[in-house]
Amino acid sequence: MFAFTRAARFVWSSGCLAVLTGAIPQAAAQPDAQAAFFKSRVEPLLVQRCLECHGADPKGGLDLRSGPTALAGGKDGVVLLPGDPEGSLLYQHVLKDEMPPKKPLPQAEKDALRQWIADGAWFPETSLDLFAATSEKRGGYDWWSLQPLRDVSPPELQAPAPERAGLVSRWQANPIDRFVFAKLQEQRLLPSPETTPRAYIRRVSYDVTGLPPTPEEVTEFEAACAAETGATDTIGDRACEVLIDRLLASPHFGERWGRHWLDVVRFGESTGYEVNHIIDNLWPYRDYVIQSFNEDKPYDRFVREQLAADSLDPGNPETEIGLAFLVCGPYDIVGNLDPAQAAQIRANGVDEYIRAATESFLGLTVGCARCHDHKFDAISQRDYYQFYATFAGVYNDDREVATGAQRQARDAQIKPLREARDALAAQLGELEAAVLARAQGKAAEYDARWPRPPVDRRGTTEEFAPVRARFLRFISEGRDNDPNGASGYRLDEFEVWTADETPRNVAAAVNGGKASGASSKPGDFSAAYTADLTIDGKFDARWLAGSRELTLEFAQEENIQRVVFSSDRTAAVSVDSPEAPFPCEYRIEISQDGDAWLQVADSYDRQPLNEAHRNKRYKDWEFRTEEQARLLALSAQWAEADSKLNQIPPLPVMRVGRLEQPTEVSRIFGGGDPQRPLEEIAPASMKTLERAAGSYTLAPDAPEKERRLALANWITAPENPLPARVMVNRIWHYHFGTGIVSTPSDFGFMGDRPSHPELLDWLARELQHPTEAAPDQAWRMKRIHKLILMSQTYRQSSAYRADAAAVDGDARLLWRFPPRRLSGEELRDTMLAVAGKLDTTMGGPGYRLYNYLRDNVSTYVPLEVHPPETYRRAVYHENVRASRVDVLTDFDSPDCAMAAPRRANTTSPLQALTLMNHTFTIDMAEQLAARVAAETGGVSVQEAVRRACALAFSREPAPAELDASVDFIKAEGLAAYCRALLNTNELIYVD
């Protein structure tokens, strides 16, 4: 760091510095000249080379953002002496190439720094901003993606040679083609020839709907192209347009593109983290997304609904479900009694909302500014916490969503029934109170009936006269924490001892005993808490009683006289802990044959465990005959009224977040730590986009709803360049495999630069303000799809060309159409479709390709066999976090624990093994064989081959293929042949 070697005192006045050391500085330049020199030569130097270390978080305490802080120096003293560059440690270290470290300044910048100091080290009154300009290390406010959308026109193309005039004319019609062709020309590249009608319909069918075309659709399209062009291998423009319009109108379009959006927004139907419980009421958001894409909802409206639907269309479930966008990510439901940890968990939750909103809609990694200013982008920690204040009232939770009319109608149904039930409850209460008061007057008489001590959860013993028995039944009639709760108790051990001289525990499993009784744990987890735990001789686990009875069977008839049972034999929990509820009212019966039962003991001569149990006994014993009859009648009437109330359907409850007014003003957290609150912060927009999109700032206590609405309006304002840029790039990404910006959710410094920047802005403008369509088409995405799908760029062959690949190996410039492998969802849907088994039912609760086991944590066990009820499209699968699903996971369907704007594309042996050997593939091969046999009527093996190839590949088999296929089927069978087809590259790749 800079060492302090010379004392100096400075006075800052009107932007000028006077040195009070007695030294006479060189004559200072005039203020206007100083300002101009600083702006052009010094400010870029300081911002790009110095403020990274000596800015908001200054190393050594030296802050060079302003005159006062620069003159104050750092922890080692003063480093800047205006008028005396040689005496200034700042200049000395720069001159010796010690600062900046790693990459010294060039001589021209050293000279500029010296001149500036010599002229008086002039600073502007406002502090310098690290983000003012882009440097080699980070992006600034002038970063390309933060600038307003440009009004660009498609370039006019010139034929590279006369013989290419026809090619150029074909690429002139669609503006997209003109941008792409011009970029190819810059690299002396030519586009590839047009693909075939067969390849095109297969390509566009998968891209738009995620499903293969039927053989009949292929034939119809090829015929339409031939009729239009007079050639069998040429795509007709009109036929192409008709096809695209049909596919975009298909409900399968929303299923395909809705799946893409669900990837982007990290949609998953479980909580994530270690508990990872399933969420059964998030599926309406999936249906909302699919419907929004199908109806071509304007994208700006789509965005606003997902941030502020409760302001745009309050109480409308069809719209308000859009708010599930905020809460469909992972969140920690464990909780923590430590306030510091609870605050951290909450901060993590709000961070999740911030990342989802800014990455999905703006393509900016704002979450990286949680602990400090963004290291690479012009995003400050203040920007981050202004978003934090915006989402401070959002919580992951369920909420009723209904219209006012729905609420009024339900209230009208409920009110009379509730009043009647409450009146009956009051009468019951009065009756029981009167009986109890009378019984309490006889307390001494009643208390004499129970001479024995109360039960003890750590060990209760019942002794009775020796009796012969093969079975023993324990019947609970009340828990320690609920006098009326007969089930729900726990037992760690139940012992039955013989009357022998050396007693034996004949209930123990080691002695041949058996135990039966329902478990209160749901589903498959009940196996972990069975009644067997009561006879295993251990006290570390408990049976969770799902019924009032525990039945024990001995190996043979025995002479018994004593039982001992407990729920906490080792005193592992406190006496009032809810972890070991104990049956404190009970009967014990024995039987020799399991049919006839004899009571041998009960708890009613024991002292009541507590006041609640005492009062229940009082009332049970004191009720007179007529009072008992009235009690039964009132109870029946109450139960009837309660049943009618429960039959009224509840209002829709959806996972759309609990929205509450924040009770505290938000603050910046130092280092992202809620235990280090710093300055107060208000809901506001980002300074990052202020130049292009304007800004807003709300009051720190602004209503919660207004915070999200203000953000939604700012994001979708026409001046904001990022939402349109980001969305058209996503559309391009999913059609061509790579976006114009290859990092779809990161348009910042660490993201990729656009391959076709002018095209990107043209498409974004076209999304916002269509040039050749009605105004109501603004922000509608199907127009952009059609422009792309109709383009010559999209209609190119995917054939590899070594000469072009040598220049552009990844085909980013689009000299060919990039072939791709089907996604896991497409592959599964394809196998179902070609086998004729795809269930096209849309919407509603999803299906599961796993067994769901729930306890304190959840476990998801993949199904070995996929039953017919799972034959719907993969988008309707109930995807959960941190779990694998055969076929889908193997082919790179992402874990929804995080957003997946760009899926991985791996190749592994497991894919081949799964595709060949999984029961789903085998089942689909058999179904495909059955379909082929039925549709060809068993006319000939050749016809079966032709039909199978048409279904799987959308084409006729070549003669050699036909001959080889016939021989194979005769040797191995049609099902084996169909299984082979489902394992081919031609099936799983789109050219």
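## Ground rules

The model is predicted, so local features need pLDDT of at least 70 and side-chain atom pairs count only at pLDDT 80 or more, while totals for chains, interfaces and linings use all residues. Residues are numbered from 1 along each chain as its sequence is written, and side-chain values use heavy atoms, with hydrogens and water left out.

## Overall build

The protein chain carries 33 helices and 20 strands; these are DSSP runs numbered from the N terminus, with helices being H or I of at least four residues and strands being E of at least two. Its radius of gyration is 38 Å, well over the 30 Å that the globule rule gives for 991 residues, so the chain is more spread out than a compact globule. That radius is taken over C-alpha atoms, and the globule rule is 2.2 Å times the number of residues to the power 0.38. Along the principal axes, the C-alpha atoms fill a box of roughly 110 × 100 × 60 Å.

## Where domain 2 meets domain 5

Domain 2 puts 8 residues into the contact and domain 5 puts in 11, where contact means heavy atoms within 4.5 Å. About 760 Å² is buried between the two, with carbon and sulfur atoms giving 45% of it; buried area is the accessible area (1.4 Å probe) lost by two parts on being put together, summed over both. On the domain 2 side, Arg-198, Arg-202 and Pro-215 lose the most area to domain 5, together 65% of what that side buries.

The rule finds 2 salt bridges across this interface, meaning a side-chain nitrogen of Lys or Arg within 4 Å of a carboxyl oxygen of Asp or Glu. Arg-947 forms a salt bridge with Glu-216, with the closest N and O atoms 3.2 Å apart. The helices α7 (197-209) and α8 (215-229) each give two or more residues to the domain 2 side that touches domain 5, and α7 gives the most, with 4 residues.

## Local spots to look at

Arg-399 sits in strand β4 (residues 399-400), and its side chain reaches the backbone oxygen of Gly-657 at 2.8 Å. Leaving aside neighbours within four places in sequence, the contacts of Arg-399 include Glu-320, Leu-323 and Met-654.

Two loops are worth a glance. Met-99 and Pro-100 are joined by a cis peptide bond, with omega about -10 degrees, and Pro-100 lies in the loop between α3 (89-95) and α4 (107-118). Asn-276 is not a glycine, yet it has a positive phi of about 55 degrees; Asn-276 is in the loop between α10 (251-264) and α11 (283-294).

Terms used: A polar contact is a pair of N or O atoms within 3.5 Å; within protein, one must be able to donate a hydrogen and the other to accept it, and residues adjacent in sequence count only if both atoms are side-chain atoms.
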